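Colleague: I am new to this structure and would like to learn how to read it. Could we go through it feature by feature?

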Amino acid sequence: MELKPIPVEVLLSLIYQDSLRSCSGKLIRWSDLKPKINTYIHSVWQKHWDAEGANKLHEVLHNLGEDLHRRGEGAGRKLETAMRRLRVGHTWRTQSYLLKNEQQPFCSACDSLYTVRHILIECPDFQDTRRKNFSVTDLYRLFREVNPSRIVGYLKDLGVYGNI
Ligand SMILES: [Zn+2]
């Protein structure tokens, strides 16, 4: 994703015009302008994010303002770290092949590419263990509806939590 720089004059003009519409006849204070700048910048980022449909993180995060990292907070550093790694799809178990300059691993149970998505949602061999811990079928719902301790419990049941 490449963002083209926006000339400051254009940005200020857009914000100023918007401010005039909503604050006609009043003086514009910085405290009124700052949220409008933040909203405008967020909308630009969201547009770029929406255009990145093929990005694997779209399944986890639709709206850029949403803070998923707060889920699992206070449950311990190891769990928080594991959840962050799972959300971005980068764990030692699934990505270490890049550092070792090896081929991407395949699931020994079903011979599919071994990814976080595969472990958490797809692998038919893990289905019984998965059902024991949660019943969602996509990553979006998994990271919102399932308690992080259930996800970790699932990974422990599989014996892969130590390598997350
Ligand atoms: Zn599999």
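Colleague: Let me start with one residue. Is Cys107 buried, partly exposed or exposed?

Modeller: Count neighbours first. A residue is buried if 20 or more other C-beta atoms lie within 10 Å of its own, exposed if 12 or fewer, and partly exposed in between, with C-beta atoms placed from the backbone. Cys107 has 17 other C-beta atoms within 10 Å, so it is partly exposed.
This is a predicted model, where local features need pLDDT of at least 70 and side-chain atom pairs count only at pLDDT 80 or more, while totals for chains, interfaces and linings use all residues. Residues are numbered from 1 along each chain as its sequence is written.

Colleague: Where is Cys107 found, and which residues is it in contact with?

Modeller: Two residues are in contact if their C-beta atoms, placed from the backbone, lie within 7 Å. Cys107 is found in the loop between helix H4 (92-100) and H5. Neighbours within four places in sequence aside, its contacts are Ser112, Tyr114, His118 and Cys123.

Colleague: How many helices and strands does the protein chain have?

Modeller: Helices (H or I, at least four residues) and strands (E, at least two) are DSSP runs, numbered from the N terminus. The protein chain has eight helices and zero strands. From the N terminus on, its elements run α-α-α-α-α-α-α-α.

Colleague: What percentage of the residues count as buried?

Modeller: The figure is 12% of the 164 residues of the protein chain. Contacts can be sorted by sequence distance too. Among those between residues at least 6 apart in sequence, 42% join residues at least 24 apart.

Colleague: Which residues have the most contacts inside the largest nonpolar core?

Modeller: In soluble globular proteins, nonpolar side chains tend to be buried together. A nonpolar core is a set of buried Ala, Val, Leu, Ile, Met, Phe, Trp, Tyr and Cys residues joined through C-beta atoms within 7 Å. The largest one here has 16 residues, and those with the most contacts inside it are Ala82, Leu86, Leu120, Leu139, Leu142, Ile151 and Leu155. H3, helix H5 (116-122), helix H7 (139-145) and H8 each supply at least two residues of this core. H8 gives the largest share, four residues.

Colleague: Which residues in H8 are buried?

Modeller: They are Ile151, Val152, Tyr154 and Leu155. An α-helix has 3.6 residues a turn, so residues three or four places apart point the same way.

Colleague: Where do the buried residues of H8 fall, seen down its axis?

Modeller: The arc is that of the directions from the helix axis to the C-beta atoms. For H8, the buried residues fall within an arc of 155°, so they line one face of the helix. H3, helix H6 (127-133) and H7 are among what covers them. Just after H8, Gly159 takes a positive phi of about 80°.

Colleague: At what angle do the axes of H3 and H8 cross?

Modeller: Axes are lines fitted to C-alpha atoms, for helices over the stretch in contact, and angles run from 0 to 180 degrees between N-to-C directions. The axes of helix H3 (residues 77-88) and helix H8 (residues 148-158) cross at roughly 85° and come within 11 Å. That makes H3 roughly perpendicular to H8 (65 to 115 degrees; under 35 is roughly parallel, over 145 roughly antiparallel, the rest oblique).

Colleague: Which residues in H3 meet H8?

Modeller: Leu79, Ala82, Met83 and Leu86 do, and they meet Pro148, Ile151 and Val152 in H8. The residues of this contact divide into seven nonpolar, no polar and no charged. Here Ala, Val, Leu, Ile, Met, Phe, Trp, Tyr, Cys and Pro count as nonpolar, Asp, Glu, Lys and Arg as charged, and the others, Gly among them, as polar. Beyond four places in sequence, Ala82 is in contact with Val152 and Ile164.

Colleague: What is the phi of Asn101?

Modeller: Asn101 has a positive phi of about 55°, although it is not a glycine. Asn101 is exposed, with 6 other C-beta atoms within 10 Å.
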